[in-house]
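Please look at the structure below before reading on.

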Amino acid sequence: MMRNLVPILTVVATLFVLWYGAAIALNAPWARDQAARAGQELGFGALVVQTWTQDKPKLPAPHQVAAEIWKTTGKMVLAGRGFSKRSLFYHSWITFSATALGFLLGTALGVALAIGIVYNRTMDMSVMPWVIASQTIPILAIAPMIIVVLNAVGISGLLPKAMISMYLSFFPVVVGMVKGLRSPGAMQLDQMRTWNASASQTFWRLRLPSSMPYLFTSLKVGMAASLVGAIVGELPTGAVAGLGARLLAGSYYGQTIQIWSALIMAATLAAALVGIIGLIQRVTLKRMGMA
Amino acid sequence: MTKDTVISATDLSLTFQTNDGPVHALKDVSLNVEQGDFVSFIGPSGCGKTTFLRVMADLEHPTAGQITVNGVSPEDARKARAYGYVFQAAGLYPWRTIGGNIRLPLEIMGYAKSDQDARVKAVLELVELSGFEKKFPWQLSGGMQQRASIARALAFDADLLLMDEPFGALDEIVRDHLNEQLLDLWKRTQKTICFVTHSIPEAVYLSTKIVVMSPRPGRIADIIDSPLPRDRPLDIRDTPEFLEIAHRVREGLRAGHGDDA
């Protein structure tokens, strides 16, 4: 335990030192400017305190972000308003629901396309270039169109955001699953042939189980992409709710502390979601004798 | 060809088209295998012994000549699940137990659940792996894994067993033991076995018929009907009869290899 803890804490401590140092450097011009206008002399000690306590700093100090996060999470829970519209839990939940739905849709689409590519020669020759092309288009350009088009046919709310999530997350699943479904060797496929196994028997008993290590790796990438998609999807909707909305609102009003707290919340959410998949991966592959 | 002929090949040829021109894997091969025979195919790499076995199993298609398995085409024989095939590697699924692996072909062929259980138990006993049903492949040694793969090929009702260098990757001591077990199994089950090998002692010890093959093009150099009795203790390998057959196999291999040995 100690052997792991020491290096991790060292890295974290270094990051904090750099962060506080950068906060001084970036916020100092504004502090000096203010002091000059008020006709005051600013000593180094006072400058440091000033740069770490501004309302709208260029770079907020860690403790400012931590205080903001606490104010919008734990403190609100203690006050019994844990799910109010000002709470980060509320916004995280909004983003999470779009992420989760988009991830499920993206995984389903990705697996379906991969099966098509592996079993159908026409799809094998034609689909992959389109799949790759789809990912070269900037999602920021597509997202507003998806929102507008779906809104025009009466679909709004969760689904348009989930679609954008899906758009980003199906790609790693297609690529990984095509490789995974093709991972059984010639010998294993010959063996199925000697038993005169049908295509579906070969799929369920050999190809699908063989693809599991590839699937889980893809799911981790896909989950992170889903979260990005959900956040991007929240931007053009007018910043009503969600972590993306908090980021946009924060940037409208120069609320850097709010932006950073939303960012850290998003990172925490991503880490938790990818961690859950990693856990399922470990348990599953261990049980399958493939870890 | 009699009614007991399991495999009958006449002027069988198979040519692979490669970038370096055609490769004659098999050229005018004719052979009959009778019910209950233990036939070994021996020869250097590229002599077509594995290709011949794969043609019997309908995994390759001959470009000329005729072959029947159980009196029908290899494709029909395969569809009728007429043979069990043992590959060089055990090829057990790591996510299935030993029992689950043996059950796999039975599930695919649609055997009833109770029948599956009985068969798994019976073949595990046959290869002396009783008690390992619930173990996973990684918990077994290489030799035990290969025995499990033989059990898997024996689990369904196929009278023909095709074995492609099943013991090639195992060490000498394990191999001796498995050879003994295989002979015992062959006697008890009355199966017809076609066995591809690199090893002269293995071929002579196991077989009732030894097919010596030579490369470029792959063809049969010699067919030796073994005079050894069906009961063969391991020390039969020190008898003059055994050494005489081994000598003839070696001569056959050398003749076929004359130009580039």
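Which residue in E6(B) is the bridge partner of Tyr83(B)? The partner is Leu160(B), and the two strands concerned, E5(B) and strand E6 (residues 160–164) of chain B, pair in the parallel sense over four bridges. Two strands are said to pair if DSSP finds at least two bridges between them, while helices (H or I, at least four residues) and strands (E, at least two) are DSSP runs, numbered from the N terminus.

This is a predicted model, in which local features need pLDDT of at least 70 and side-chain atom pairs count only at pLDDT 80 or more, whereas totals for chains, interfaces and linings use all residues. Residues are numbered from 1 along each chain as its sequence is written, chains are lettered from A and ligands numbered from 1 in the order in which they are written, and side-chain values use heavy atoms, with hydrogens and water left out.

The strands E5 and E6 belong to an open sheet of six strands in chain B, with mixed pairing and the order E5-E6-E7-E3-E8-E9. Because strand E5 (83–86) and strand E9 (219–225) of chain B stand at the edges with a single partner strand each, one side of each is left without a neighbour in the sheet.

Leaving out residues up to four places away in sequence, Leu285(A) touches Met212(A), Pro213(A), Phe216(A), Met290(A) and Ala291(A), where contact means heavy atoms within 4.5 Å. The C-alpha atoms of Leu285(A) and Met212(A) are separated by 7.6 Å, although these residues are 73 residues apart along the chain.

An unreviewed UniProt entry annotates "transmembrane region" in chain A, including the two spans tabulated here.

| Span | Distance between end C-alpha atoms | Content |
|---|---|---|
| Residues 93–118 of chain A | 37 Å | 100% helix, 0% strand |
| Residues 257–280 of chain A | 35 Å | 100% helix, 0% strand |

Note on methods. UniProt positions renumbered as here; feature names shortened; annotations may be inferred.
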